[in-house]
Amino acid sequence: FREQPIFSTRAHVFQIDPNTKKNWVPTSKHAVTVSYFYDSTRNVYRIISLDGSKAIINSTITPNMTFTKTSQKFGQWADSRANTVYGLGFSSEHHLSKFAEKFQEFKEAARIAKEKSHEKMELTSTPSQESAGGDIQSPLTPESINGTDDERAMPEVTQNSEPRAEPTQNALPFTHSSTISKHWEAELATLKGNNAKLTAALLESTANVKQWKQQLAAYQEEAERLHKRVTELECVSSQANAVHTHKTELNQTIQELESTLKKKEEEIEGLKQEIENARELQAQRDTLTQKLQEVEIRNKDLEGQLSDLEQRLEKSQNEQETFRNNLKTLLEILDGKIFELTELRDNLAKLIECS
């Protein structure tokens, strides 16, 4: 893969509760490997962690991120792209400090890479380059993340002996917007802007083509007129030398006109190619619009499923509470009956003794 691990450690992974925005929810049952990955092709740093085959952390480091130490063994950072706050509980303060140092180091490297990328784009950007988008992450496997050289250099710590750092309640706030919808909306806005630019360029090119066709017709008429003029001058024998000179000039003019005509034809071919590119971009925009609509429909379906699950959970909790109350009442009745039976037994025993 183009991404390679550059630093690894072990920690308990948490995410902020999306409902309360205060409590931490553990996403790993035990300490797992947390690694920094570097993509040399795109100059991108990411934090990756897998629990088995499930990715529990996939966070791209950006210059505006901040890693905060909330205790001696716990730290956290907010990821607006993932729409969550990640928390890590380490076995020692040293591991936390080392992770925080690497976070700051790679954050600064990401900032420098972003500035260089912006400078390069300002120098070499074109309309077609501006429409190129996508932040497609390369696939990862558990084998590419676990068992790095840096991790093997760390002391072996078993699951039972490793202390687990508990998170605090000082979670950082994060936005509630849909990351997927934002991404597609940004892509759609970019394509709309590029489409408007290309449409304007297309209209201008069409007007230029018409103008060049008119010029071409005028050049052809001029060439025919000059040919006729040359023929007339050749018929005048008394002015043979002047006619020859004038003929040479006219031939040179014709050659220049033919060269200009060839250049105009090449420009027309280039404009036709630009028109084809504009049509392709229009098709891409339509495809992205359809995908965005599908994503919105999927989000609505998921919201409906979540509401149904919440209603079922509330109904189940009410039924459990009713069952507990009935069971408690039954136990109280049973205790009374047992007490009555005990008194009856004592009375019977006394009657037997008296008899």
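Buried means under 20% relative accessible area, exposed means over 50%, and partly exposed lies in between, with a 1.4 Å probe and only protein chains counted. The structure is a predicted model, in which local features need pLDDT of at least 70 and side-chain atom pairs count only at pLDDT 80 or more, while totals for chains, interfaces and linings use all residues. Residues are numbered from 1 along each chain as its sequence is written, and side-chain values use heavy atoms, with hydrogens and water left out.

**Exercise 1. Describe the order of secondary structure elements in the protein.**

Solution. Helices (H or I, at least four residues) and strands (E, at least two) are DSSP runs, numbered from the N terminus. The protein contains 6 helices and 8 strands. Read from the N terminus, the order is β-β-β-β-β-β-β-β-α-α-α-α-α-α. Of its 355 residues, 27% count as buried. A contact means heavy atoms within 4.5 Å. Among contacts between residues at least 6 apart in sequence, 66% join residues at least 24 apart.

**Exercise 2. Characterise the largest nonpolar core and the elements that build it.**

Solution. A nonpolar core is a set of buried Ala, Val, Leu, Ile, Met, Phe, Trp, Tyr and Cys residues joined through side-chain atoms within 4.5 Å. The largest one has 23 residues, and those with the most contacts inside it are Tyr36, Ile47, Ile57, Trp77, Leu88 and Phe99. Two or more residues each come from strand S1 (3-16), strand S3 (32-39), strand S4 (44-51), S5, strand S8 (84-89) and H1. The largest share, 6 residues, is given by H1. A second, separate core of 5 residues includes Phe14, Ile16, Trp24 and Phe74.

**Exercise 3. Determine how phenylalanine 67 and phenylalanine 99 are arranged as an aromatic pair.**

Solution. Rings of Phe, Tyr and Trp (its six-membered ring) pair if their centres lie within 6.5 Å; planes under 30 degrees apart count as stacked, over 60 as edge-to-face and the rest as tilted. The whole structure holds 14 aromatic pairs. In the pair of phenylalanine 67 and phenylalanine 99, the centres are 5.3 Å apart and the planes make an angle of 55°, a tilted arrangement. This pair links distant parts of the chain, 32 residues apart: phenylalanine 67 lies in the loop between strand S5 (54-60) and strand S6 (68-69), and phenylalanine 99 in helix H1 (residues 93-124). Both phenylalanine 67 and phenylalanine 99 are buried. Leaving aside residues up to four places away in sequence, phenylalanine 99 touches Phe7, Thr9, Val34, Tyr36, Ile47, Phe67, Trp77, Leu88 and Phe90. One aromatic cluster includes Phe67, Phe99, Phe7, Tyr36, Trp77 and Phe90.

**Exercise 4. Locate asparagine 43 and asparagine 83, and give their phi values.**

Solution. Asparagine 43 lies in the loop between S3 and S4. Its phi is positive, about 55°, although it is not a glycine. At 37% relative accessibility, asparagine 43 is partly exposed. Asparagine 83 lies in the loop between strand S7 (74-79) and S8. Phi of asparagine 83 is also positive, near 60°. Asparagine 83 is partly exposed, with a relative accessible area of 23%.
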